[in-house]
Amino acid sequence: AITALFYLWVRSGFSKDAVAGALVFFPPDPPLYKFKRIAANGDVLPDIDDEAENLEEGNGGGGGGTEESKREEEDDDDSDSDSDLGTFEIDTKSSHKANNDANHTNNQQKVSAEVRRQRRKQREEARQKQRQEYSQDPIAAMTDRSNKLRLRAKRRSKIDARDDTNGVTYQFVPDIATLGTLPSFHGTIQAVKIGPQKRTGSYIAALLYKLPESEITPNTKTILYSHGNAADVGAMSGLQAMLAKNLKCNVLVYDYSGYGESGGIPMEKNTYRDVKLVYEWLVQNVTKHEHNVILYGQSVGSGPSCYLASRRCNVGGLVLHSPFTSGMRVLTPSRAMACLDIFPNIDRIKKVKCPVFVIHGQKDQEVGIEHGMALHAAVPEDCKRDPWWVRDKGHNDICDGPDIVEYMQRMNKFVKSLDE
């Protein structure tokens with residue numbers, strides 16, 4: 001794997017983001033949800049046909065992207081040196097479009113278990129095909145994927161900017177055929193597009209699970225949830241509803257650039273831009289105070305979460321769920337390929353100034369528990385909270401089955417401790 005990544009790095013013109021894309025970012029295809037588009041007069045707009053949009057531009061499915069998408073791909077220097085990624089103030093001008101009345105109950109439908117099994121089987125077959133393509137000819141696969149992502153970013157940027165101008169709002173529609181019936185939520189679920197990003201021009205899709213006004217207090221917390229590399233906000237919708245309901249907090253979950261209904265291209269640097277943009281919007285529109293925000297990073301989501309926590313001294317707390325010390329360290333402890341490393345969580349965790357709760361499965365075969373233990377050990381002493389090393393659990397199943405009860409209990413304990 002190391003040799004292949006090195007070869008990919010050289011052939012891609014020494015682009016670390018090309019390696020990161022091949023190594024890390026695999027959004028569900030197709031997404032596990034969609035945003036229904038609603039015009040300012042209340043009419044439901046037709047779903048966007050990406051191919052039709054592409055032909056409208058006269059590209060015929062061929063290369064080239066917007067200047068924004070080109071800048072995204074060319075921008076491959078040290079992330080900490082970027083002008084838009086340094087120390088930042090909360091931006092009061094972030095825009096969003098939302099449908100405040102959207103709720104799971106508007107979208108529920110009964111789908112047979114057999115249909116759900118078939119949909120899951122189809123998705124797994126698609127993932128296996130993708131992995132085979134990468135293993136057989138990684139350069140060709142990377143080039144083809146890059147071209148598709150660039151065209152997608154161009155289309156999304158155009159569509160979202162037009163919708164923003166026209167006052168279009170959105171309603172969350174989960175893929176019930178794959179996900180099954182989702183937990184009920186007694187608050188509101190707002191589908192929003194936050195943006196545009198200053199550098200890339202893209203918009204980020206997010207869902208806000210908001211408690212009823214009667215349950216909100218000055219100390220109500222909001223979890224800003226950064227999900228794993230093969231998930232999207234649709235896949236996470238059940239857990240987010242349960243978190244909001246059981247912890248009595250709001251939850252904002254978003255999709256990285258290139259995922260789901262978000263625009264842009266999936267890159268390490270863009271995940272930092274994404275979380276920064278969403279955080280700014282959250283503080284301005286929901287919490288009003290940074291100390292009421294809890295950053296939550298699952299797996300690859302630990303990267304943008306650690307990044308932001310290391311830069312915002314007033315954030316309320318940080319939860320790391322199945323995290324890694326850094327991207328390359330998942331493959332090898334050797335630092336010979338340090339030039340290709342991404343998400344240096346082990347360095348950033350030392351700079352956080354908020355309480356940190358680490359969760360990791362003892363049988364995690366994808367990211368060994370030693371990563372979680374190393375991160376917990378590196379947390380400043382006054383910020384450490386008791387970790388949870390989950391017996392008989394792996395990378396993606398910590399919240400499955402009866403363990404969901406203990407998970408909620410431990411999360412509730414952590415949330416309450418932030419006000420002590």
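Q: Why is α8 called largely enclosed by the rest of the structure?
A: Eight of the eleven residues of α8 are buried, so the helix is largely enclosed by the rest of the structure; buried here means under 20% relative accessible area, exposed means over 50%, and partly exposed lies in between, with a 1.4 Å probe and protein chains only. The buried residues are S237, G238, L239, Q240, A241, L243, A244 and L247. This is a predicted model, in which local features need pLDDT of at least 70 and side-chain atom pairs count only at pLDDT 80 or more, while totals for chains, interfaces and linings use all residues. Residues are numbered from 1 along each chain as its sequence is written, and side-chain values use heavy atoms, with hydrogens and water left out.

Q: What makes up the cover over the buried residues of α8?
A: The cover includes β3 (169–174), α7, β5, β6 (222–226), β7 (250–254) and α14 (403–417), where helices (H or I, at least four residues) and strands (E, at least two) are DSSP runs numbered from the N terminus.

Q: Why does L239 count as buried?
A: L239 has a relative accessibility of 14%, and the limit for buried is under 20%, so L239 counts as buried. Its place is in helix α8 (residues 237–247).

Q: Which residues is L239 in contact with, leaving aside its neighbours within four places in sequence?
A: With contact meaning heavy atoms within 4.5 Å, L239 touches Y225, C399, I404, Y407 and M408. One of these, I404, is 165 residues from L239 in sequence, and the two are 9.6 Å apart in space, C-alpha to C-alpha.

Q: Why are α8 and α14 called oblique to each other?
A: Their axes come within 10 Å and cross at roughly 55°, the axes being lines fitted to C-alpha atoms, for helices over the stretch in contact, with angles from 0 to 180 degrees between N-to-C directions. Angles under 35 degrees count as roughly parallel, over 145 as roughly antiparallel, 65 to 115 as roughly perpendicular and the rest as oblique, and α8 and α14 are therefore oblique. The contact is made by L239, M242, L243, N246 and L247 of α8 and by I404, Y407, M408, M411, N412 and V415 of α14.

Q: What makes the aromatic pair of F185 and Y209 edge-to-face?
A: Rings of Phe, Tyr and Trp (its six-membered ring) pair if their centres lie within 6.5 Å, and planes under 30 degrees apart count as stacked, over 60 as edge-to-face and the rest as tilted. A search of the whole structure finds twelve aromatic pairs; in the one formed by F185 and Y209, the centres are 5.9 Å apart with 70° between the planes, which is edge-to-face. F185 lies in the loop between α7 (176–179) and β4 (188–195) and Y209 in strand β5 (residues 204–210), so the pair ties together parts that are 24 residues apart in sequence. F185, at 5% relative accessibility, counts as buried, and Y209 is buried with a relative accessible area of 0%.

Q: Why is the pair of F324 and F343 called tilted?
A: The ring centres of F324 and F343 are 6.2 Å apart and their planes stand at 40°, so the pair is tilted.
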